[in-house]
Structure formats: structure tokens, C-alpha cells
Amino acid sequence: MMNHFARRLSVLSALVLGGALAGCTTEPLTTADEVEVSAAGHHVPDGLFTYSDIEQGWSAAQSRGRPLLIMFTSDRCYYCDRMLAETYSDPAVRRLLADHAETVLAHKRDYQDLVRRLKLPGFPTSLVISTDGEIAETIVGYVDAEEFTRRVSPWIGPRSTARLEADAAAGLTL
């Protein structure tokens, strides 16, 4: 398990200042059918991922004061399919994300420079980006719904504010 403090990397720097997304032309998603096409054949839970463009997802997250969840996927990825079909389809996970985060489904082919900059070791990789642009949690590979919820809940959901306040009181920051 990777400690979130060990990944102290500003996503804003990687995305905006580093120019990692220059030339990307993906558009925000408007229907579940568009999600399925952009995910290169993966079955995607209807309405779960609102964006396929990280910058637009980040902009929405910032305007709404919500964290951003990005799931990076690739072609012919068994564990990506399994994560989408089992973990992200779980009603509790869907509710948590819909109520408390903006979501992006990003394909590695569209973000090759960013994938390299972030040194993503494999797929699927899910990142929780805090409202201040830091990677708060990294989940590499398949995890079930219970483990996923346990790992993202400190950053996404009703307990996230309490966790951040406790970390700040202890002198820990992202």
C-alpha cells in the first residue's frame, strides 16, 4: 500500500505548468454511450464518469469545491474491466462518488505524457486529487468496493473534512 504522503506531487503542476496535456482534444462526456466509446470498449457504469478530459474535470471540481477522482485505463485491461464492472458499479461507491466528487475516466493513450510524469506503474490506476491539487490517494490495480471505499473515504465523502482537519492539527499536510 502506497502512503499518500509519499506521493507529494502537485497535479496542477503536472497538468498545467508542465504542459502534459498540450494537444489533447478529448471532450467532456455527456452520455453513457460516449463514455463507453471513449473507454475503448470497457463497460462503464452509466453516469459514473462525468468527464473524459482531466482539465475539464479539474475545472468542475474547483468550481464546486470537490475532489477529483481520475481512473486511468488502457486497452485490453482485464483488471480495468473488473474494476469498472465490480467496484465502480457498486451502489455505495457510485453514491459516494456522485455525492462528493467529480469523476474522470482517462485512457492512457490520451494522456501518455501525464502517465509518464506521474510514473503510473500499471492499470487501472485511480487517483484522488484533493481540492488544493495534490494527489491524496493512489490506488494501483484492482480493489474491491469495500477496499476502494476505505481508501477514498478520508478524501471523498462526509468524513473527508474531519480527516483533513485532524491532519492539519497534527501538522501533516498534503
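The chain has 8 helices and 4 strands, where helices (H or I, at least four residues) and strands (E, at least two) are runs assigned by DSSP and numbered from the N terminus. Read from the N terminus on, these elements follow one another as α-α-α-β-α-α-β-α-β-β-α-α. The model is a predicted one, in which local features need pLDDT of at least 70 and side-chain atom pairs count only at pLDDT 80 or more, while totals for chains, interfaces and linings use all residues. Residues are numbered from 1 along each chain as its sequence is written, and side-chain values use heavy atoms, with hydrogens and water left out.

The 4 strands form an open sheet in the order 2-1-3-4, and its pairing is mixed; two strands pair if DSSP finds at least two bridges between them. Strand 2 (102-107) and strand 4 (135-140) stand at the edges with a single partner strand each, so one side of each has no neighbour in the sheet. On average, neighbouring strands of this sheet are turned by 15° against each other, direction ignored. Strands of a sheet pair through backbone hydrogen bonds, either parallel or antiparallel. Strand 1 (residues 68-73) and strand 3 (residues 125-129) pair in the antiparallel sense over 5 bridges, and in strand 3 the bridge partner of Leu68 is Ile129.

Across strand 1, strand 2 and strand 3 lies helix 3 (residues 54-64), which runs at about 170° to strand 2. For such angles, axes are lines fitted to C-alpha atoms, for helices over the stretch in contact (heavy atoms within 4.5 Å), and the angles run from 0 to 180 degrees between N-to-C directions.

The model also holds 1 disulfide, a term that stands for a pair of cysteine sulfur atoms within 2.5 Å. Cys77 and Cys80 form this disulfide, with their sulfur atoms 2.3 Å apart, and their link is right-handed, with 75° about the S-S bond. Cys77 has a relative accessible area of 8% and is therefore buried, and Cys80, at 0% relative accessibility, counts as buried too; buried means under 20% relative accessible area, with a 1.4 Å probe and protein chains only.

For the chain as a whole, buried residues make up 48% of the 174 residues. Of the contacts in the chain with a separation of 6 or more, 72% are between residues 24 or more positions apart. The accessible surface of the chain, computed by the Shrake-Rupley method with a 1.4 Å probe, comes to about 8500 Å², of which 51% belongs to carbon and sulfur atoms.

How values were computed. Buried means under 20% relative accessible area, exposed over 50%, partly exposed in between (1.4 Å probe, protein chains only).
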